[in-house]
Amino acid sequence: MTLPQHPSQSEERGDGPGPLAGGPAVALAAATLSGARSAWVKVPEVTALFWIIKVLTTGMGETTSDYLVKHFPPELAVAMGTVGLVVSLVLQFRTKRYVAAIYWLAVVMVSIFGTLAADVLHVGIGIPYIVSTGFFAVVLAAVLWLWHSTEKTLSIHSINTRRREVFYWLTVLTTFALGTAAGDLTAYTLGLGYLGSGIMFAAVFAIPALAYWRFGLNAIVAFWSAYIVTRPLGASFADWMAVESGRGGLEWGTGPVSLGLAAVILLLVAFLAFSRRDQQREP
């Protein structure tokens, strides 16, 4: 038995779960499939590779941001991150269809910029992690509320207008900033360390999949709940690999970890670009 390609409209609304086959590993991959597809939609299909690449980009964004701040003046690092973000989003908005390389470049740049934004509040201004986490949580809630109240849906497979595309990327940017602050909160303020935080967020990441698969959690709620957690999940493990042993890490360095993650991301995105397995299908 295989996953249905196009769940019913009642499932998209969240009235009840559709007939899912498989386990939690595929639950999130099906969580945001929409019954109404459009060739204009410029986001990838949600598959297992989507989640793998997403977690890798969060880790790369974390260590790349740390590398830039350590090797360049903070103002220059933020400027570089801002330029990269603007250029990547301009490319994304100018495309007429989903292009794997452009889309994931934008995600990577959002990851780097989101990390810099969260770190500026704590390191540059001195705002505690618990405050910045709460602040970004409120901002995210506001963006999602505005998006839903305006468009009546939060499904990423209904992004077929420019306004919905803007809402989507605002949400993505805010989730990265929130996840960065939350990961630092658990690692530093709560004292779990990077490895402990990573294990905890891995468990939290599985909850929406299990809730959708077994208990009929709304598909869109399941997707965004998991999406938010991917940020501290990837960043915690990346920090664990990069930081010195005195801080509980493997001491591989932010530069090598960033390059290693970038290489894996490039290989996976190239595979998707050639195989087109993440292209949305017409109904």
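Q: Which residues line the largest cavity?
A: In this predicted model, local features need pLDDT of at least 70, side-chain atom pairs count only at pLDDT 80 or more, and totals for chains, interfaces and linings use all residues. Residues are numbered from 1 along each chain as its sequence is written, and side-chain values use heavy atoms, with hydrogens and water left out. A cavity is a set of points on a 1 Å grid over the protein atoms alone where a 1.4 Å probe fits but cannot get out, and lining residues have an atom within 4 Å of a point. The largest cavity is lined by Glu62, Gly179, Thr180, Gly183, Asp184, Ala187, Tyr194, Ala235, Ser236 and Asp239.

Q: Which helix provides the largest share of the lining of the largest cavity?
A: Two elements, helix 7 and helix 9, each give two or more residues to the lining of the largest cavity. The largest share, five residues, comes from helix 7.

Q: Which residues lie nearest the centre of the largest pocket?
A: A pocket is an open set of points with protein on both sides within 12 Å along at least five of seven lines. The largest pocket contains about 390 Å³ of space, and its lining comprises 22 residues. Nearest its centre lie Ser65, Asp66, Val69, Asp119 and Val123.

Q: Which elements give two or more residues to the lining of the largest pocket?
A: By class, the lining of the largest pocket holds twelve nonpolar, three polar and seven charged residues. The elements that give it two or more residues are helix 3 (48-71), helix 4 (74-94), helix 5 (100-124), helix 7 (162-189) and helix 9 (219-242).

Q: How many helices does the protein chain have?
A: Helices (H or I, at least four residues) and strands (E, at least two) are DSSP runs, numbered from the N terminus. The protein chain has zero strands, and along the sequence its pattern reads α-α-α-α-α-α-α-α-α-α. Its helices number ten.

Q: Is His157 buried or exposed?
A: His157 is located in the loop between helix 6 (129-151) and helix 7. Its relative accessible area is 1%. Because buried means under 20% relative accessible area, with exposed over 50% and partly exposed in between (1.4 Å probe, protein chains only), His157 is buried.

Q: What is the phi of Glu251?
A: Glu251 belongs to the loop between helix 9 and helix 10 (254-275), where it is partly exposed at a relative accessible area of 48%. Although Glu251 is not a glycine, its phi is positive, at about 65°.

Q: What distance separates the C-alpha atoms of Leu105 and Val269?
A: Leu105 sits in helix 5 and is partly exposed, with a relative accessible area of 38%. Leu105 and Val269 are 164 residues apart along the chain, and the separation of their C-alpha atoms is 9.7 Å.

Notes. Grid points are joined across faces, edges and corners, and a volume is the space filled by probe spheres set on the points. Ala, Val, Leu, Ile, Met, Phe, Trp, Tyr, Cys and Pro count as nonpolar, Asp, Glu, Lys and Arg as charged, and the others, Gly among them, as polar.
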